[in-house]
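Morning, everyone. Please have a look at it first.

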Amino acid sequence: MPRLGSWIEPHPTGIYVRPADAWVDPSQPQARALVTHGHADHARGGHGTVWATPETLAIMGVRYGDQNGCEVAYGQSVTVGEVEVSFVPAGHVLGSAQIILDWKGERVVVSGDYKRRPDPTCEPFLPVKCDIFITEATFGLPVFHHPETGGEIDRLLTRLADNPDRCVLVGAYALGKAQRVIAEARRRGHHQPIYLHGALERLCTLYAEQGIDLGELRLVAGTDKKEMMGHLVLCPPGALNDRWSRRLPDPITAAASGWMRIRQRARQKNVELPLIISDHADWGELTDTILEIAPKEVWITHGREDALMHWCMTRQIKARELNMVGYDDDEDDG
């Protein structure tokens, strides 16, 4: 009798689904690609045909140009080769999906990146029962427990209100994190204009075109320094301490990332206000999700594989590490 999941072949550069002759999140161009979401470590250009949600295809269009895309809406099923493929929300960023693969009575769910916290910019994670759950483990250590998002946003807005002659400059990843910080600030009653580094403009515009209300956004370029006093300014993490920030009014540097839990990382980045806001599941959410889904096997794709594998084994849950390469666990996408 063939082993469970024998038709799924993990490779260092992606997951090959043999009866579909397709790859999930391949890091190299392939003829057929099933893509979970638009982050560059999962969505690459140059594929022949791409199956993804409409939002992910739109994001890939902004980043790589028009794709030969096959839109798969949440809950919709398509047949690729011999495999029934469907997409359900992953709760990571706009359009992010878990990919469900059904073949000859076996079900494999590839989580991609996911989180369990509410997020006004994307659909919430949907747990799906399956035989094999292929999960990320970016924050797969017990030390990682993300605080409630509203409390972190309150800290941000309080610091802003206490310093009306300065601005707060928030380093936030261009896809997902920046838009989430803006939307969460709006939910907490902050309706003033928010200023953007030019590198964030295209994706913020795309989010607005997809129906995500981000309020009034203005570009830093061409704006007088005094106009930005008492305002939030967002930029990519790499721009926090470069020459660009000199045009701002005495900025208080902040960074939004799950990695801000590690104080040394905040100090290394000269971050004055670390905000623990993550787009990935923390340790408790990873383990609770596995218990909720109750798969026969757990395959761990990237991150802190050892700790999560040990947790699974101590609970008699069969687990294996896939040792994928090319998936980024840097703080910029935390």
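Before the details, a definition: two strands count as paired if DSSP finds at least two bridges between them. Keep in mind that what you see is a predicted model.

Six strands form an open sheet, in the order 1-2-3-4-5-6, and the pairing is mixed. At the edges are strand 1, residues 8-11, and strand 6, residues 69-71, each of which pairs on one side only. On average, neighbouring strands here are turned by 25 degrees against each other, direction ignored.

Strand 1 and strand 2, residues 14-17, pair in the antiparallel sense over four bridges. These two form a hairpin with two residues between them, and Gly14 in strand 2 is the bridge partner of His11.

On to the helices. Helix 1 and helix 4, residues 201-209, pack at an angle of about 155 degrees, with their axes 11 Å apart. Angles over 145 degrees count as roughly antiparallel, and therefore helix 1 and helix 4 are described that way. Their crossing is right-handed. Which residues make the contact? From helix 1 they are Ala58, Ile59, Val62 and Arg63, and from helix 4 Arg202, Leu203 and Leu206. By class, that contact has five nonpolar residues, two charged ones and no polar ones.

That is what I have. Over to you.

Notes
Residues numbered from 1 in each chain as written. Predicted model: local features only at pLDDT ≥ 70, side-chain atom pairs only at ≥ 80, totals over all residues. Heavy atoms only, no water. Axes fitted to C-alpha atoms, helices over the stretch in contact; angles between N-to-C directions. Parallel < 35°, antiparallel > 145°, perpendicular 65-115°, else oblique. Left-handed = near helix turned anticlockwise from the far one by under 90°. Contact = heavy atoms within 4.5 Å. Nonpolar A, V, L, I, M, F, W, Y, C, P; charged D, E, K, R; others polar.
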